[in-house]
Amino acid sequence: MMRSLFSGVSGLKTHQTRMDVIGNNIANVNTTAYKSSAMVFSALLSQTTQKASGPNAVTGTGGVNARQIGLGVQTAAINVNISAQGAAQSTGNPFDIMISGSAFFIVNNGKENFFTRDGSFYVDAAGNLAMTSNGYNVMGWGVDEETQNIKQDTVTALRIMSAANMTYPPEATSKAYISGIIDKHNTDVTSEAGKAINLNFYDALGYSYTAKLIIKQSADDNSYSIELKKILDSEGNEVDISGVDMADLFGGQQNQAINTSVVLSDSYKWEGNKLVPNPNPDNDPGWSLTDAFGTDAEKAQEALDAIAKAYGFEGSTDEFLNLTVTDNTTNVTWTVRQLLENQAGGATPNFTTPGDFGTDNFSLESFDTTGRVFNGANLVYNGDNGRFIGVNGQPTVQTLMLNLSALGGNFSDIEIDLSTSSIYDNYGTCTVSATAGDLDGLGMGRKLGQMSGISIQTNGMIYAAYDNGMTRLLGQIAVAEFANVSGLESRGDNLYSATLNSGTFDGVGVDITANGGKMTTGQLEMSNVDLSAEFTEMITTQRGFQANSRIITVSDTLLEELTNLKR
């Protein structure tokens with residue numbers, strides 16, 4: 001039988017194998033991260049009919065080359081173009097990830113690790129990051145509970161949406177600062193009510209509150225008082241702080257110099273120790289000082305409110321009663337509350353002994369005050385440059401403590417920094433305001449946060465965002481790199497496994513950025529099949545197959561002629 005016949009058969013088989021490789025490439029032209037293959041031919045075997053001989057110096061003849069007849073072709077290798085990067089396909093899905101570089105994702109089926117370039121992932125019902133095609137878990141590194149940094153240890157499944165990760169715990173506000181400009185010509189600062197500013201803060205359970213603070217100017221343009229008026233919850237209800245001494249709650253008890261003339265309204269008059277309407281045709285009994293300082297608390301408060309209103313302090317009873325009058329003779333200071341109480345009990349000094357105060361302008365109808373007593377602190381500023389000097393004039397004290405822990409419950413103390421406040425001419429406008437947190441944004445507190453989104457960085461780190469403004473590191477996607485990526489064995493489903501020729505996986509993996517790679521979210525790596533090259537290869541394969549079939553046809557014709565010799 002003719003050798004060429006079997007050479008042709010080997011050629012047909014080998015070209016058919018090549019066509020199988022080309023067909024598989026074209027079939028996977030749209031397969032995510034598919035890597036094309038190419039087949040290499042090699043000669044099958046050669047039959048030597050005469051070995052080579054060397055030159056003979058004795059006979060003078062030259063050497064003769066060996067005579068060999070080839071016996072066909074075979075498949076030498078099928079190489080996978082695994083290192084060539086496929087083009088990027090945008091998907092907009094944040095869990096679709098494309099690797100740039102030579103690394104591979106690590107996935108696990110519960111028993112063993114596989115490697116893939118297919119970054120089409122999703123989050124399953126258990127919160128695990130997994131492959132969409134087969135549900136294999138994506139592997140990576142977790143977060144150290146103490147340092148909150150990535151712990152590069154043996155890779156584990158990335159459970160990024162566990163119950164613990166769905167919320168971010170609340171935190172009580174511990175720091176705040178008051179900044180902006182206080183203008184001495186601002187009508188709020190110089191009014192009885194003062195300039196109101198709000199400090200919004202959180203307790204340890206994440207409930208929000210508002211501390212109502214006021215700032216008032218003293219007789220000295222460079223000194224201002226700051227005090228806490230009340231605390232409101234998120235629904236506007238006032239928090240009960242009656243059981244706590246306000247002096248202990250905020251700054252202590254201070255005195256502020258304020259020169260104020262207090263005049264009784266023409267609509268009222270005093271009849272002995274009783275305040276009655278003026279005129280009083282209906283013989284209204286009015287409000288008695290005896291009742292104002294009696295044992296009936298409700299009746300006493302009603303009388304004191306009425307008296308404060310008569311002097312123009314409606315709604316500011318405490319402000320009125322805490323005004324002070326200084327005896328110019330003895331240099332002793334008395335509050336209006338003390339003087340009215342003395343008046344009710346017949347003690348001195350009182351409003352009927354004006355000589356004690358060294359002035360004739362002192363009576364129940366009209367008197368001058370020198371200051372006020374309040375719970376809070378004095379803010380002292382430099383009159384030359386407008387900068388803040390310190391709390392109560394102490395240059396080393398730039399902060400004021402709001403001692404909310406005295407209220408019990410879940411409140412925490414708040415340290416308020418006033419160093420960035422100042423006094424300037426701002427055309428009568430105050431810009432002073434209170435902000436939770438220090439100047440670096442620390443200690444501002446927060447409510448309970450619900451997860452609002454997940455982002456994956458170029459280094460594979462996964463962060464969760466929460467609606468309270470916080471972020472949390474959930475883990476990092478690890479990758480595997482091999483000395484010979486072409487040595488990986490395809491296992492279907494876009495998966496590969498390590499072989500002896502690829503190099504082994506150490507179980508830990510590497511950071512993708514270690515060798516210049518990166519991950520891009522919202523994109524997938526496309527197949528690296530080049531259709532133009534595949535169709536060209538298909539043409540040459542088809543012609544090669546045809547040529548080999550002709551070998552068999554011609555060899556058959558020769559055999560036919562040989563058998564015809566018998567005729």
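Ala, Val, Leu, Ile, Met, Phe, Trp, Tyr, Cys and Pro count here as nonpolar, Asp, Glu, Lys and Arg as charged, and the others, Gly among them, as polar. The views come from a predicted model, in which local features need pLDDT of at least 70, side-chain atom pairs count only at pLDDT 80 or more, and totals for chains, interfaces and linings use all residues. Residues are numbered from 1 along each chain as its sequence is written, and side-chain values use heavy atoms, with hydrogens and water left out.

View 1. A cavity is a set of points, on a 1 Å grid over the protein atoms alone, where a 1.4 Å probe fits but cannot get out; lining residues have an atom within 4 Å of a point. Grid points are joined across faces, edges and corners, and a volume is the space filled by probe spheres set on the points. One cavity of 30 Å³ or more is present in the structure. The largest cavity has a volume of about 60 Å³. Its lining includes Lys35, Ile82, Phe104, Arg117 and Val485. By class, the lining of the largest cavity splits into four nonpolar, four polar and two charged residues.

**View 2. The largest pocket.** A pocket, on the same grid, is an open set with protein on both sides within 12 Å along at least five of seven lines. The largest pocket has a volume of about 660 Å³. It is lined by 28 residues; Leu228, Lys229, Asp318, Asn322 and Asn375 lie nearest its centre. Strand S17 (223–233), helix H5, helix H6 (317–321) and strand S24 each give at least two residues to this lining. Helices (H or I, at least four residues) and strands (E, at least two) are DSSP runs, numbered from the N terminus. The lining of the largest pocket holds nine nonpolar, eight polar and 11 charged residues.

**View 3. The second largest pocket.** The second largest pocket holds about 310 Å³ of space. Of its 17 lining residues, Val143, Glu145, Asn165, Leu473 and Leu474 are the closest to its centre. Strand S12 (156–157) and strand S32 (471–477) each supply at least two residues of the lining. S32 gives the largest share, three residues. The lining of the second largest pocket divides into eight nonpolar, five polar and four charged residues.

**View 4. Helix H5 and its ends.** Buried means under 20% relative accessible area, exposed over 50%, partly exposed in between (1.4 Å probe, protein chains only). The buried residues of H5 are Ala300, Ala303, Leu304, Ala306, Ile307, Ala308 and Ala310. An α-helix has 3.6 residues a turn, so residues three or four places apart point the same way. Asp296 caps the N-terminal end of H5, with a side-chain oxygen 3.3 Å from the backbone nitrogen of Glu298. Just after H5, Gly312 has a positive phi of about 90 degrees.

**View 5. Backbone exceptions in loops.** Most residues other than glycine have a negative phi, and most peptide bonds are trans. Asn278 and Pro279 are joined by a cis peptide bond, with omega about 0 degrees. Pro279 sits in the loop between strand S20 (274–277) and strand S21 (287–288). Asn283 is in the loop between S20 and S21 too. Asn283 is not a glycine, yet its phi is positive, about 55 degrees. Asn283 is exposed, at a relative accessible area of 64%. The peptide bond from Thr348 to Pro349 is also cis, with omega near 0 degrees. Pro349 belongs to the loop between helix H7 (336–345) and strand S24 (366–381). Asn331, not a glycine either, has a positive phi of about 60 degrees. Its loop runs between strand S22 (323–326) and strand S23 (333–335). Asn331 is exposed, at 62% relative accessibility.

View 6. Contact means heavy atoms within 4.5 Å. Asn128 is in the loop between strand S9 (121–123) and strand S10 (129–131). It is buried, with a relative accessible area of 13%. Beyond four places in sequence, Asn128 touches Tyr122, Val123, Asn137, Leu158 and Arg159. Gly428 lies in the loop between strand S28 (421–423) and strand S29 (433–436). Gly428 is partly exposed, at 25% relative accessible area. Leaving aside neighbours within four places in sequence, Gly428 is in contact with Asp183, His185 and Asn186.

Terms used:
Polar contact = N/O pair within 3.5 Å; in protein donor to acceptor, adjacent residues only side chain to side chain.
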